[in-house]
Amino acid sequence: MEQSNPDRIRQTPSQTVGPFFAYSLTAMQYGYPYDSIVNHALLGADTPGERIFITGRILDGQGNPVPDAVVELWQANAAGNYRTAPISPKDNDGTEFTGFGRVGTGTQIGAKFQFETLKPGSVANGQAPHINIVLFMRGSLRALYTRLYFSDETEANAQDELLNAVPEERRHTMIARYAEAPGGISYHLDIHLQGDQETVFFDI
Amino acid sequence: MEPTNFDVQPPHLYPAYKSTIYRSPTRPLLPVRELIRDLSLPVFGESVLQKHDNDLTKNARVNGEPIGERIKVAGRVMDDSGRALPNVLIEIWQANSAGRYVHKAEVHDAPLDPNFLGGGRVLTDSDGMYSFYTIKPGAYPWGNHYNAWRPNHIHFSVLGHQIEHRLVTQMYFPGDPLFEYDPIFQSVPQHARDLLIAKFRMDWTDPEFALAYQFDIVLNGRYQTLFE
């Protein structure tokens, strides 16, 4: 066990989000009588740019989709900049790009998650376009962090510092698959909590 | 470099809490602290707050007051160097005084309260302080093992300033006799469990209105202090 620095105050321990988060964290998505500060759209109705969908599932160690997880995405805009101005729920009606989304996996068939966003630009040299993912769920005592990369960014992915820190045979667990769907371009990523395909999670 | 303060954190796999068995990563986490620096989290302002978001005794009233013991919960959010963190969004949810959640998947046979939702949110002020009113939540049974009961608790979701500040946790009440039977509480190393238990604060009480509890929240502050 690692020793903590005595000059530091002890951090508050993490606890599971549990199964009953929806009426607070994702109320409108689940139809509860409370407003939501964030939803599946990381942009407004009139935000310029080509929309993409991010879809996927979270699969447990028995291969079953997890129907009670919270998925958060946080990403840069198309120019590679993270939003620093305060986000308002009204942004979903306008032209702004927030870069932040949150959904629960309990409202779509097959426990899928789906987000609507723009493809991010590269944030810095040595970083391929990517989206930060944070997961919470019943049965998870701590937040799980990973990243989503894009399958059509082969060259940039090959230069990415973080991907290169991952054993080659596991890199694909963070790369979302490009697909052309009737509604537009989508990228699909299944997140495996365990097993041969176990996703790479981070010590943040 | 300061190591992650794992010695207060629960492990991913804690078999007594059965749902962790198939939902916890089995491989070592990728150390990314050199690769992910200065990644801020989204910022929210006053525009996300509705009038009674910080008063769960008022934000879902239909035809009267919610039933139960009215309490105030307050505290400071800071990083682990003790620096107060202003403008941190805290989202909360909890069971009602009978131990029943509004959630549709909840099957516990205890009454719903038509005047209580159990959801709310609050932002920390310039001193990192937050405060909200609510009804003291009840204990409730769950299916982890025979005769399993959760101690009284309030769920907290905290969006600090940096990516390493994202925290979801639960606040407990002092002296709860269910602590020793609850694997979720017990998943935290014994010496750190006190960090999840609010302190009763007689001096913060609103006389003739509500008893008060203090729950300070300390977030991982590694990156910000790295260059000091």
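Two strands pair if DSSP finds at least two bridges between them, strands being DSSP runs of E with at least two residues and helices runs of H or I with at least four, numbered from the N terminus. This is a predicted model, in which local features need pLDDT of at least 70 and side-chain atom pairs count only at pLDDT 80 or more, while totals for chains, interfaces and linings use all residues. Residues are numbered from 1 along each chain as its sequence is written, and chains are lettered from A in the order in which they are written.

In chain B, 4 strands make up an open antiparallel sheet in the order 4-3-8-9. Strand 4 (119-123) and strand 9 (166-172) of chain B are its edges; each has a single partner strand, so one side of each lacks a neighbour in the sheet. Within the sheet, strand 3 (residues 89-94) and strand 8 (residues 153-159) of chain B are joined in the antiparallel sense by 6 bridges. B:Gln94 has B:Ile154 of strand 8 as its bridge partner.

B:Val158 touches B:Val77, B:Val88, B:Ile90, B:Leu167, B:Ile217 and B:Leu219, leaving out residues up to four places away in sequence; contact means C-beta atoms, placed from the backbone, within 7 Å.

Between the chains, 66 residues of chain A are in contact with 66 residues of chain B. Helix 1 (22-25), strand 5, helix 4 (161-164) and strand 9 (202-203) of chain A each give two or more residues to chain A's side. Strand 9 of chain A also runs parallel to strand 1 (residues 30-31) of chain B, with 2 bridges joining them. There, A:Asp203 has B:Pro31 as its bridge partner.

Methods:
Two residues are in contact if their C-beta atoms, placed from the backbone, lie within 7 Å.
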